[in-house]
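Work through the exercises below with the model open. Try each task before reading its solution.

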Amino acid sequence: MSSLLSMKMYADQARTLVLIVLAIILGACADSRLNNPYPQEEGDQAVLYESFSERPKHLDPAVAYSSNEYAFIAQIYEPPFQYHYLKRPYELTPLTATGMPEIEYLNARGDKLASTANDSDIAYTDYIIEIQPGIRYQPHPVLAKNAQGDYLYHHLTAAQIDQLGTLQDLPESGSRELVAEDYVYQIKRLAHPKIQSPIAEMMKNYIVGFDEFSKQVADKQKFEIKDIPMEGVTALDRYQYRIRIKGKYPQFKFWLAMPFFAPMPWEADVFYEQPGLDDKNITLDWYPIGTGPYFLAENNPNRRMILLKNPLFHLETYPSEGEPGDKEKGLLADAGKPLPFIDKVVYMLEKETIPYWNKFLQGYYDASGIASDNFDQAIQFTGSGAATLTEAMREKGIQLETAVTTSIFYLGFNMLDATVGGDSEKARKLRQAIAIAVDYEEYIAIFANGRGVAAQGLIPPGIYGYAEGKDGVNPYVYDWKDGKAQRKSIEVARRLMAEAGYPGGIDSKTQQALILYFDTTSVSIDDRPRMNWYRKQFEKLGIKLVIRGTDYNRFQQKMRAGNAQIFFWGWNADYPDPENFFFLLYGPNAKVAHGGENAGNYQNPEFDRLFEQMRNMENGEQRYEIIQQLQELVRRDAPWVFGFHPKSFSLYHGWYKNLKPNLMANNQLKYTRIDTTARAEKRAAWNKPVFWPLLLAIVVFMLLLIPAVLAYRRRVRETIQ
Amino acid sequence: MIQYIIRRVLYAFPLLMGVNILTFVLFFIVNSPDDMARMQLGQKHVTEQAVENWKQQRGYDLPLLWNSKAEGKEKLTQTIFYQKSAGLFLFRFGISDSDRRNIAADIQQRMWPSLAVALPTLIVGLLVNITFALIMVLFRNSYLEHAGVVLCVILMSVSSLFYIIGGQFLIGKLLRLVPISGYEGGFSALKFLILPVLIGVFSAIGANVRWYRTLFLEEVEKDYVRTARAKGLSETRTLFRHVLKNAMLPILTGVVVVLPTLFMGSLIMESFFSIPGLGSYTIDAINSQDFAIVRAMVFLGSVLYVIGLLLTDISYTLVDPRVRLS
């Protein structure tokens, strides 16, 4: 009887268990996307999902200087100018300014000069900028006021601060109009030693009174600088301010399109400087305040960062003109419509490429780069060498956008070195021979999946002065054949070696094989094939290349002391002007002598003279000619083996609209539009859960248990022999 | 026992001081304050003045261990070592060198997600591993045990990275049953935790089941087990009631010692599943030469390990009445 009862109980329990499992499965089926990492209610909203792999360290526009930081702050802060989203070559347009800056030249006495004045007569240049009235800051506790007009949170008590967890714990927020004084205040912040702006040392050379101001306020609190004047920066009225720089520096206007020169309300520093807030990590670096299209609603760079549309964003419309072909591509379909189109942007931390890529394929990220692991899955090359999407990507409606970046990677020679450096014909020919032998087309094919363009000179495509076709070819390394640049044969390089006194790579003086040293920080196992490749390139000339692997710190020390012989380096443009590349070889910027960016310590008086002439010129025929002369000089002297300009490959889902790569602008987010209906449909279709393998696994497990149970019962019942 | 605990706590001080000195020396053998400054300031437009400013702002302009220019006790206190280390013993971790964030607040925020993965993995793992180990002992000397051992060896021979990538591919991508990666607070975390916990448990089955099986096999041959069987107790009852209880001591040693360090997280697991825990905090700090975080995390790790060992000793007395702390 009791066994019958217990059997019935087991049966009841088993039935309940089956019902529960079925209920779970049916419940799960009702939601077709169990793998959705986002809240269901966001499904049909205008939310853009992006990722980031490295947490931004600084969101203070005076300090931030890396691309992962700009990805956020460029959406929040607004400098007076920006790059036109569609036009190429890159063109500055007003952002918060009413127009482009009014530029006035002054002599040493402060008298105005004509715009055609000689460079030598120009002692100062004034940039007079007028901003639009009516622009307001995002709602922020920093600007919250009570009924009497006093700031609510500028005098928090220790107890109040103690209760704070995040800035959102302060319930009230306020706003105010953007005024010219905010731009002036931000420039003063750049000079404050406590802020440690990365461009402070450079701006000392340009902005009048910057250095003096920096010394004057060294022991002052950040907010105390508000009422201390800086000679070169003045608010002329509520909406107009003037920046006075030393001499003539036409590229200064590009700096005015960078977040360094975005406005900062003085109230921010007053608020954040309150003692105890930094212990709570409530700082300007963490909770920015701007006038841009978005504000930072959640900042947890360990997990995600969320931007929400700024409810007080001023009127800005999608551009109504672009370059030829943009209209046909649908890039002007939203012309004249108010920006931004996206309500919310969610940035998720994804450190690993595999989960990131899989989530992109599931539709949970709207865009993706292409890691080398996934390259073959996404991209194929046609017979003509053009990159296209694979069939699998096309079936998903994914779009591919490629763009040659405004950067260069190069193999540098230390021009102070006794063997490879110097201005002698012998050393020059040796460098030219190496430039021919190191086959960067092969490098791009092997190590970059074809994502790059071999460099013909110092400046990359898209920068003024870059010459296309035959005119742009480096004649010391390439021949123009059949309508394209073709690397000179290795025999030419060997001949140059012989002329340099190293026939077959043997030093004719010592009769020993020439040994050169390559200093690099690429020391991991993954880097070994690349280093072997370099060795083989030099072997073509009989040169023995010794790889001197070192850590980053030692490498930097060697570069500063001029102890490296050959090195690999790169540069990414700050702004789209050839000056920002040629200055890398300007004598007074030599690293050893002056601590500048001329890492190879190249010195050529003719180059320096032409550079000084070119940097102050407006774009035009004369400037173009000088740029070509500069290119010729560096191609002949070969202080670098011009490596390559990387090509960025990005994938976007079909629902991603208004897509045009803009390598200079960082604030493209406001132009982006998402077809949310299409996205919801695709996601639902791509992410239906599959249960049968799970059920099959459970059944197999149960079946496996049967012999175990039988064996156990047999063992229990067996008698001792 | 109180005296024993106090004595152990006092012993910990020189130990922690030693760890602190070692961390300091190792870090500054590889890096100098100048290197740290240059790393933080980036590669563009970095001048000597900017480097000096950076060091001065963060207190790295002092001598490392001995300030010969200072007077009296300041020769010792006006050094980077003293300034950066003294606060640690009061659990004042200070501000990070790279992004100027309060380290204690960061640790507080990041340890919970780490714990959310590590604790269920430990508990479920213990239950699963002990169960499988006992089943193997139950079927000892049978084909089931042999097959189980072979399976364990296979499982423990596979890299944990394979389990992670394979698990994400199979369950997240092919079956689409859970998100591939991500994290949410509160109960919403559940769907994000299933996969990492499952993989965490599965990847450790091989090694742990074998280890527990060895413990149980040792125990099962003892006289009291034979006596229990002779008294007519069933094999399952003998194993689960008597053998398990007596084998708890070595199991406890392994478990209790890791309890405090569960907060520290797992680097690979958290990285692949985008779990905002402490796993990558130290590695990121080493990569960015953030000495403030490195010393704080090494110190914290040492403290937690010392606590773990102490807890293990105390737990012995609870499990085995014969053990006395003196």
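**Exercise 1: The interface**

Find how chain B meets chain A, where 45 residues of chain B are in contact with 46 residues of chain A. Contact means C-beta atoms, placed from the backbone, within 7 Å.

The model is predicted: local features need pLDDT of at least 70, side-chain atom pairs count only at pLDDT 80 or more, and totals for chains, interfaces and linings use all residues. Residues are numbered from 1 along each chain as its sequence is written, with chains lettered from A and ligands numbered from 1 in the order in which they are written.

Solution. 
1. List the helices. α2, α3, α6 (103–138), α8 (160–174) and α13 (267–273) of chain B each supply at least two residues of the side that touches chain A. Helices (H or I, at least four residues) are DSSP runs, numbered from the N terminus.
2. Pick the main contributor. α3(B) gives the largest share, six residues.

**Exercise 2: Helix α3 of chain B**

Which residues of helix α3 (residues 48–58) of chain B are buried?

Solution. 
1. Apply the cut-off: buried means 20 or more other C-beta atoms within 10 Å of the residue's own, with C-beta atoms placed from the backbone.
2. B:Ala50, B:Val51, B:Asn53, B:Trp54 and B:Arg58 are buried.
3. Find the cover. It includes α5 (200–203) of chain A together with α2 (33–41) of chain B.
4. Check the end. B:Gly59 follows α3(B), with a positive phi near 80°.

Key. A residue is buried if 20 or more other C-beta atoms lie within 10 Å of its own, exposed if 12 or fewer, and partly exposed in between; C-beta atoms are placed from the backbone. Two residues are in contact if their C-beta atoms, placed from the backbone, lie within 7 Å.
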